[in-house]
Amino acid sequence: MRALKTVAQTAAATIGTCAVIGEVNWAETLGASALAGVLSVLTSLAGLPEAEGD
């Protein structure tokens with residue numbers, strides 16, 4: 001759920017920024033949003049107690 005929220009926030013920020021510039025680059029928006037989602041998932045997995053190896 002956190003990753004989806006991150007994807008949506010990144011997409012909104014990218015679209016807003018591009019709209020100010022004048023044209024929305026959809027490929028760039030989707031790419032940045034997907035990358036943010038992947039990083040969010042990886043961050044969440046790294047924070048799981050089961051992932052900590054002692």
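In which helix is the place of Val-38? Val-38 lies in helix H2, and the legends below, which describe a predicted model, come back to this residue in the last view.

**View 1. The whole chain, built with two helices and zero strands.** Of the 54 residues in the chain, 19% count as buried. The chain exposes about 4,100 Å², and carbon and sulfur atoms supply 67% of that area.

**View 2. Helix H1, covering residues 2-21, seen along its length.** Just after H1 comes Gly-22, which takes a positive phi of about 135°.

**View 3. The buried and exposed sides of helix H1.** The buried residues of H1 are Ala-3, Thr-10, Ala-11, Thr-14 and Cys-18. Seen down the helix axis, these buried residues fall within an arc of 100°, so they line one face of H1. They pack against helix H2, which covers residues 26-46, whereas the face of H1 turned away from the buried side carries the exposed residues Arg-2, Lys-5, Ala-19 and Val-20.

**View 4. A nonpolar patch on the surface, with Val-38 among its members.** Leu-35, Val-38, Leu-39, Val-41, Leu-42 and Leu-45 form this patch, and together they have about 530 Å² of accessible area. Val-38, whose place is in H2, has a relative accessible area of 45%; because this value falls between the 20% limit for buried and the 50% limit for exposed, Val-38 counts as partly exposed.

Methods:
Residues are numbered from 1 along each chain as its sequence is written. This is a predicted model: local features need pLDDT of at least 70, side-chain atom pairs count only at pLDDT 80 or more; totals for chains, interfaces and linings use all residues. Side-chain values use heavy atoms; hydrogens and water are left out. Helices (H or I, at least four residues) and strands (E, at least two) are DSSP runs, numbered from the N terminus. The expected span of a helix is 1.5 Å times one less than its number of residues. Buried means under 20% relative accessible area, exposed over 50%, partly exposed in between (1.4 Å probe, protein chains only). The arc is that of the directions from the helix axis to the C-beta atoms. Contact means heavy atoms within 4.5 Å. Accessible areas come from the Shrake-Rupley method with a 1.4 Å probe; for residues, only the protein chains shown count as cover. Patches are made of residues with over 30% relative accessible area and no salt bridge: like charges are joined within 9 Å, nonpolar side chains (Val, Leu, Ile, Met, Phe, Trp, Tyr) within 5 Å. A salt bridge is a side-chain nitrogen of Lys or Arg within 4 Å of a carboxyl oxygen of Asp or Glu.
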